[in-house]
Amino acid sequence: SKVREEMIGRTLGEVVPLHGSGVNVIGMKTPDGAYRINPPSETIISREVKLFVLGATADVEQLIKSLS
């Protein structure tokens, strides 16, 4: 799914809280096709980024709803 416009330019730490969300970002695919494992919370979200997350189904679904 596409990232909401207001999420673009924000950091990963702002978009996916490290504590309390129940979801961990374990990797990402950058717009240029590179893969990053355990991206830092300072990583800037762009329109074309793809996140790989780990968490309970309900928590992941909630994250998807909040991002799209």
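Helices and strands here are DSSP runs, numbered from the N terminus: a helix is H or I over at least four residues, a strand is E over at least two. This is a predicted model, where local features need pLDDT of at least 70, side-chain atom pairs count only at pLDDT 80 or more, and totals for chains, interfaces and linings use all residues. Residues are numbered from 1 along each chain as its sequence is written, and side-chain values use heavy atoms, with hydrogens and water left out.

First, the sheet. It is open, with three strands in the order β2-β1-β3 and antiparallel pairing; two strands pair if DSSP finds at least two bridges between them. From one strand to the next, the twist averages 30°; axes are lines fitted to C-alpha atoms, for helices over the stretch in contact, and angles run from 0 to 180 degrees between N-to-C directions. Between β1 (residues 23-29) and β2 there are three bridges. Opposite methionine 28 is arginine 36 in β2.

Now the loop. Threonine 43 sits between β2 and β3. Is threonine 43 buried or exposed? Threonine 43 counts as buried because its relative accessibility is 8%; buried means under 20% relative accessible area, exposed over 50%, partly exposed in between (1.4 Å probe, protein chains only). Beyond four places in sequence, threonine 43 is in contact (heavy atoms within 4.5 Å) with Arg10, Thr11, Leu12, Met28 and Arg36.
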